[in-house]
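Dear colleague,

A summary of the findings follows it.

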Amino acid sequence: MQHLDILIYAGWIIPVEPENTVYEQHALAIQDGKIVAILPNSEAVKRFSARITYRMTTHLLIPGLINAHTHAAMSLLRGIADDMPLDKWLNDHIWPAERAHVNQEFVADGSQLAIAEMLRGGVTCFNDMYFFPDVVGKVAAEIGIRATLGLILIDFPTAWGQNAEEYLNKGRKVYETFQDHPLIKTALAPHAPYSVSDEPLKSAQAMAEEFDIPIHIHLHETAGEIEKSLEQFGERPLIRLKNLGLLSSRLMGVHLTQLKPGDFKLLANHGVHVIHCPESNLKLASGVCPVPKLLNAGVNVALGTDGPASNDDLDMLGEMRTAALLAKGLNGGDASAVPAAQALRMATLNGAKALGIDHITGSFVPGKSADIVAIDMLDIETQPIYNPLSQLVYAIGRDKVTDVWVAGKHLLKSRTLTTIDIHELKAKTYLWRDKIIKFL
């Protein structure tokens, strides 16, 4: 009999790979933070013993959810400017609030608040784009969650930098700090084509090539963005990025609500990853990403929540449901558009592929990291259970997430965060609210 670190007996396991597969009464075997095997409970009893054994026979296990686009620290700005379009929301409210309040302490506390929320909702990895990425990385590493840090780049001065040269130099230092970290990765993060000029974009591309890391950028988010690009550059942002050499399998384009028929093939041919943020796009009335057409063209589509100031939550289970329902409602009445298995894949393995970490996480495959979410299926809201996969996407709320492991480390245990002091976090959040509300 082989002795392991952890053995989890579960009612159901959805591995994501193979797709549309549900294992009933199976166990997950874990050693050194990695998955060793998935096998029937009856076989696991004979084959393995473990230092820690969990008997979760009323639970569903899924790979950790990957939030492929966040501005985590903006959790402290949740709800300050609602029910307005992106331009007004950003220019008249968010950027002024950031100029007044963003510093290292703001980013540390806001990131911790966001990570606490994400862990309680089953998120084990997030792809961030915000100021002070070094601080975000430190907070994420201390808590034990997986993260990709956006090395921010923007044309105007902020609390993080004064010009492109400073942004890039600081980004290089952040990359060097975390380049060997097992949980923390980096990506070049030019904010958007409308806020970053040609030379910095080309510098970002060169640095991404040098470091062999992704590029993370807002792209084709609104119709107004397209119009302004045509006025200023004589071409749409997507074509501008193509001409600058940025379209490649490194690129994660976020939103893509404004696409023409020829764009689908262009994105697919260059291997560009699309990050779909349906709830933020709906709330800001920015448009809707044509996910079924992208998937049919062979484009990898992942899911993100966007920042908690525009969504206003970091609920990836909710994002899955919205993505699936939105695709059906807007795809000519095709109820098979983005089925449950596809929605889960977008929230797990597709996100890992976009981040270049699908060899590490995103599915339950022996050798991959033990990034695991346990969901209680016993409550009345989930009964009766005929298809756990459909139940997951169409009926489960994040309050049913009971346990979360990242690389085999138990970060949420019976709904209790193990590496975050929730009372201290709430106290800090209240202080920020009292400070920020005076500014509004």
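Please keep in mind that this is a predicted model.

I begin with strand 5, which covers residues 65–70 and is mostly covered, with 6 of its 6 residues buried. Strand 5 pairs with strand 6 (residues 123–128) in the parallel sense, over 4 bridges. Within this pairing, N67 stands opposite F126 of strand 6.

The next point concerns an annotated site. According to an unreviewed UniProt entry, the annotation "binding site" covers H69, H71, H218 and D306. These residues span 238 residues in sequence, yet no two of their C-alpha atoms are more than 11.8 Å apart, so they gather at one spot. From this set, H71, H218 and D306 belong to the lining of the largest cavity.

H69 lies in strand 5 and is buried, with a relative accessible area of 0%. Beyond its neighbours within four places in sequence, H69 is in contact with several residues, including H218 and D306. H71 is placed in the loop between strand 5 and helix 2 (86–101) and also counts as buried, at 8% relative accessibility. A polar atom of the H71 side chain lies 2.7 Å from the backbone oxygen of M129.

Finally, the cysteines: the structure holds 0 disulfides. For C125, the nearest cysteine sulfur is that of C277, 14 Å away. The sulfur of C289 is 9.0 Å from its closest cysteine sulfur, in C277, which is too far for a bond. C125 is buried at 1% relative accessibility, and C289 is buried at 4%.

Yours sincerely

Definitions and conventions. Residues numbered from 1 in each chain as written. Predicted model: local features only at pLDDT ≥ 70, side-chain atom pairs only at ≥ 80, totals over all residues. Heavy atoms only, no water. Buried < 20%, exposed > 50% of the residue type's maximum accessible area, 1.4 Å probe, protein only. Helix = DSSP H or I, 4+ residues; strand = E, 2+ residues; numbered from the N terminus. Pairing = 2+ DSSP bridges. Disulfide = S-S within 2.5 Å. UniProt positions renumbered as here; feature names shortened; annotations may be inferred. 1 Å grid on protein atoms, 1.4 Å probe; cavity = no way out; pocket = protein on both sides within 12 Å on 5 of 7 lines; lining within 4 Å. Contact = heavy atoms within 4.5 Å. Polar contact = N/O pair within 3.5 Å; in protein donor to acceptor, adjacent residues only side chain to side chain.
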